[in-house]
Amino acid sequence: MSDREYRTVKSSQTVLKELMVPSYANFGGKVHGGVILSLMDKIAYTCAASHVKGYCVTASVDSVNFLNPVEVGELLTLSASVNYVGNSSLEIGIKVISEDFRLGIVKHTNTSYFTMVAMDEESRKPVPVPGLILEDEREIKRFIEGKIRKQLKSEHRSEMKKIRGNLDLIREINALDGENCRLYQS
Ligand SMILES: CC(C)(COP(=O)(O)OP(=O)(O)OC[C@H]1O[C@@H](n2cnc3c(N)ncnc32)[C@H](O)[C@@H]1OP(=O)(O)O)[C@@H](O)C(=O)NCCC(=O)NCCS
């Protein structure tokens, strides 16, 4: 029988609230996407490290689609949960909402998935993570979706590696017709 430890999803669920101050603004007056990404990385680490009770690194970030701009003065709330754990990796699901108190408006900013890997601090090698106790249907569904995303990402990485290795540059240059670029000519 495995002697792996198991922990609940709830035990590492994390919420982070941050007021969007003027120094976070870009030239257009909205909050910089990079500020939000940095807060997402912070909460992903906190959530993963609480599950592992140890050191983790960010291995990858799933596509981040900003659905709504965030304004200075709004309160950003980030909620993070461990969706899936593999051997040494964890998928952290992060939901971000922004709230305008004066207008009473709450907007969904984005939902993204971070893959964190637990590391031994001395050897800098990945180490096994505790398993996940799934307590309801939602947690089971999230775990299964995380497992599928891990598989798809791994297939995508191998496919891109193959494509890069076999790139027929002349054929691809000919296929650039209609693309929004111009080839440099001396
Ligand atoms: C992420 C990292 C630890 C993976 O190392 P590796 O030698 O490829 O390790 P492995 O092949 O044993 O994979 C370990 C786990 O990471 C996962 N993994 C590796 N590369 C990944 C990637 N690009 N995206 C998602 N998961 C990845 C593997 O699926 C595996 O998961 P599992 O153990 O749950 O099955 C390594 O690439 C690294 O240290 N990267 C730098 C991370 C960092 O410094 N981040 C902060 C940047 S400022």
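Visitor: In which sense do β3 and β6 pair, and over how many bridges?

Guide: Welcome! Before anything else, this is a predicted model. β3 and β6 pair in the antiparallel sense, over 5 bridges. One place to look is Val61, which stands opposite Phe114 in β6.

Visitor: What makes β3 and β6 count as paired strands?

Guide: Two strands pair if at least two bridges are found between them. β3 and β6 have 5 bridges, so they meet that cut-off.

Visitor: How do you know that β4 and β5 pair?

Guide: The same cut-off of at least two bridges applies. Strand β4 (residues 75–85) and strand β5 (residues 89–100) are joined by 10 bridges and run antiparallel, so they count as a pair. Among the facing residues, Val82 is opposite Ile92 in β5, and Tyr84 has Glu91 as its bridge partner in β5. A hairpin with 3 residues links β4 to β5.

Visitor: What joins β5 to β6?

Guide: Here there are 12 bridges, and the strands run antiparallel. Asp100 faces Ile105 in β6, while Gly93 has Tyr113 as its bridge partner in β6. The hairpin of β5 and β6 has 4 residues between the strands, and Gly104 takes a positive phi near 65 degrees there.

Visitor: In what order do the strands of the open sheet come?

Guide: The sheet has 5 strands, in the order β2-β4-β5-β6-β3, with antiparallel pairing.

Visitor: Why are β2 and β3 said to stand at the edges?

Guide: β2 (14–19) and β3 each have a single partner strand, so one side of each is left without a neighbour in the sheet. Neighbouring strands of this sheet are turned by 30 degrees against each other on average, ignoring direction.

Visitor: Which helix lies across β4, β5 and β6?

Guide: That is helix α2 (residues 137–165), which runs at about 80 degrees to β4.

Visitor: Which residues of the largest nonpolar core touch the most other members?

Guide: This core has 29 residues, and those touching the most other members are Met40, Ala44, Ala48, Ile92, Ile94 and Met116. At least two residues each come from α1, β4, β5 and β6. α1 gives the most, with 7 residues. Leaving aside residues up to four places away in sequence, Met40 touches Leu78, Ile94, Val96, Ser112 and Phe114.

Visitor: Why is Arg124 called exposed?

Guide: Arg124 has 9 C-beta neighbours inside 10 Å, so it counts as exposed. Its place is in the loop between β6 (105–118) and β7 (131–133). Arg124, again not a glycine, has a positive phi, near 60 degrees.

Visitor: Is Tyr6 buried or exposed?

Guide: With 11 C-beta neighbours inside 10 Å, Tyr6 counts as exposed. Tyr6 lies in strand β1 (residues 6–8). Tyr6 and Leu132 are 126 residues apart along the chain, yet their C-alpha atoms are separated by 5.3 Å. Beyond residues up to four places away in sequence, Tyr6 touches Pro130, Gly131, Leu132 and Ile133.

Visitor: Which residues are around the ligand?

Guide: They are Val57, Thr58, Ala59, Ser60, Gly86, Asn87, Ser88, Ser89, Thr115, Val117, Pro126 and Lys153. Two or more residues each come from β3 and β6, and β3 has the largest share, with 4 residues.

Visitor: How do the residues of this shell divide into nonpolar, polar and charged?

Guide: There are 4 nonpolar, 7 polar and 1 charged.

Key:
Residues numbered from 1 in each chain as written. Predicted model: local features only at pLDDT ≥ 70, side-chain atom pairs only at ≥ 80, totals over all residues. Buried ≥ 20, exposed ≤ 12 C-beta atoms within 10 Å, placed from the backbone. Axes fitted to C-alpha atoms, helices over the stretch in contact; angles between N-to-C directions. Contact = placed C-beta atoms within 7 Å. Near = placed C-beta within 6 Å. Nonpolar A, V, L, I, M, F, W, Y, C, P; charged D, E, K, R; others polar. Core = buried A, V, L, I, M, F, W, Y, C linked by C-beta atoms within 7 Å.
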